[in-house]
Amino acid sequence: LIKAYVYHLNDECQGGQNMTMVQALPAKPGTINFDQGMPKSIRMVGEGELRLFDDNGNYIASIVELEGTCVPIYDWPKFTRGQLTHGAPPRRIDPAVQKKFFTGTDLSKPQTRIVFSCESSIYFGYQTVTSAFAFLQSNQTNASWLRLLSAQMPDDLSERLPTFTGPRTLYSKRYSPINKPDIIDKWMNSKQDAPNPEDTIVVIDPDNWLLKDVNEWASKVSRKHAIGQAAYYNGNPNVQKLWQLVCKKGCNNTVAHVGVPYVLKAADLKEVAPLWRKYTMLLNEMRQDEKTKAQFEKDGEFGSLYISWTSEMYGYNFACAHLGIETDTVHDLQIRDVDGRVSQEQNEKKAMIHMGRAWFPKKEAALAEKWRHTEGKDFNNFGIQVWCKCNRTGHEIMPWPVPDGLDFQSYHTLRLLHEAKEWYGPIPENTTYRPQNQDSMK
């Protein structure tokens, strides 16, 4: 028997007289109509999920027990009906597919797991395929590649690419990057697919495309000792000040200033994930709350942190500080598209690119004209912009062939896009999984 307690007047899961309880058995789902309007909080008990739908019957998100003893409900997104289901639908990783993306000999033994989170969409579809191809080309040591998908159901790419699917959290409709700690938490607590505690996890983003073996960094981490790439806020003293304001434990610990890739032991990441989610939600609400938002605006005390889209980055660092996990900051795990250009010798030390845009040399103006972008004028010093992930045609218009003289990031971005498409083939048009008129599958 599983239960969901719905509280109509209190956002802390209190108040028995204004509470509705719905329950479900394995063969008998429970349903609830929110006739009293949006509730204030919900508590799930048992192995199941409360699926939430709008008044048109569209799936919005799910609430599960793993999210905590009390899930606050906000005015948006709105839902009108809930279905309580026992257990969860089959979402496990296909072992046969995973073996194709594993460079070791025994999947049950400790390994390096390279993982990222995403949704099912046109935008993430080609990034996922290119990430998978880049892994296969990068000569990894005893490593596997895995997509962590936030969705109601596995999508069609799961048939060819190893994927763990977990239900979308309701909060992702307010702030979609929350999917990263949320789906990692669900993966870590999966009875069938959770990693070995001794595994080393390399958390990347969908637009991190591998170029070389990450074992150089993965071999250096241990329990309570992680590695991360220096973030854009590296060295900003306001990070520590913000930690002092929001910390719940470990307040005297020094906060690391890192972003992806994160490299740490699976046992540590399992402890980090729920705190990562909590701190991210806290920061995201603080920047919107009338009482605190001025601190995060451009001229505010924490304005220099640009926290609006990157709450989850700070959430990760704060979770590590909370747990006392020490993090070594490195500068050679990745190179971004907009980083300053360096020598080829320095480029070849990078484990991966963090792609975004690509440029042709200015001397190739005639050739570049076919693909020239008006976006990105601030980066004209790199050349003539011919591709950007920010463009809705990025998944289908890929400049190729390319001229000589491209910078390192542009060359590998366009090369991997082209070669991955040749390897996988066109990503099928599928409006169920990759709707044309919205960003992602429900």
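The buried residues of helix α3 are Asn179, Lys180, Pro181, Asp182, Ile183, Ile184, Asp185, Lys186, Trp187 and Met188, where buried denotes a relative accessible area under 20%, exposed one over 50% and partly exposed a value in between, for a 1.4 Å probe and protein chains only. Helix α3 is thus described as mostly covered, with 10 of its 10 residues buried. The model is a predicted one, in which local features need a pLDDT of at least 70 and side-chain atom pairs count only at pLDDT 80 or more, whereas totals for chains, interfaces and linings use all residues. Residues are numbered from 1 along each chain as its sequence is written, and side-chain values use heavy atoms, with hydrogens and water left out. Helices (H or I, at least four residues) and strands (E, at least two) are DSSP runs, numbered from the N terminus.

Helix α3 (residues 179-188) packs against helix α6 (residues 266-286) at an angle of about 135°, and the axes of the two helices lie 8 Å apart; axes are lines fitted to C-alpha atoms, for helices over the stretch in contact, and angles run from 0 to 180 degrees between N-to-C directions. The helices α3 and α6 are therefore oblique to each other, given that angles under 35 degrees count as roughly parallel, over 145 as roughly antiparallel, 65 to 115 as roughly perpendicular and the rest as oblique. The contact, defined by heavy atoms within 4.5 Å, involves Lys180, Pro181, Asp182, Ile184, Asp185 and Met188 on the side of α3, and Ala266, Leu269, Lys270, Ala273, Pro274, Trp276 and Arg277 on the side of α6. The residues of this contact comprise 8 nonpolar, no polar and 5 charged, with Ala, Val, Leu, Ile, Met, Phe, Trp, Tyr, Cys and Pro counted as nonpolar, Asp, Glu, Lys and Arg as charged, and the others, Gly among them, as polar.

Strand β10 (residues 143-150) is likewise mostly covered, 8 of its 8 residues being buried. Burial extends to both faces of β10, with Ala143, Trp145, Arg147 and Leu149 on one side and Ser144, Leu146, Leu148 and Ser150 on the other. Strand β9 (residues 112-118) pairs with β10 in the parallel sense over 7 bridges, pairing being assigned if DSSP finds at least two bridges between two strands. Within this pairing, arginine 113 stands opposite serine 144 of β10.

Elsewhere, 4 strands form an open sheet in the order β2-β1-β4-β7, with antiparallel pairing. Its edge strands are β2 (19-24) and β7 (71-72), each of which pairs on one side only. Strand β1 (residues 2-7) runs antiparallel to β2 and is joined to it by 6 bridges, and threonine 20 in β2 is the bridge partner of valine 6.

Several backbone features occur in loops. A cis peptide bond, with omega about 5°, joins tryptophan 76 and proline 77, and proline 77 is found in the loop between β7 and β8 (81-86). The peptide bond from tryptophan 400 to proline 401 is also cis, with omega near 0°, and proline 401 lies in the loop between β20 (384-388) and α10 (408-424). Asparagine 139, although not a glycine, has a positive phi of about 55°; asparagine 139 is located in the loop between α2 (122-137) and β10 and is exposed, with a relative accessible area of 64%. Lysine 224, in the loop between α4 (215-218) and β14 (225-230), has a positive phi near 70° and counts as partly exposed at 31% relative accessibility.
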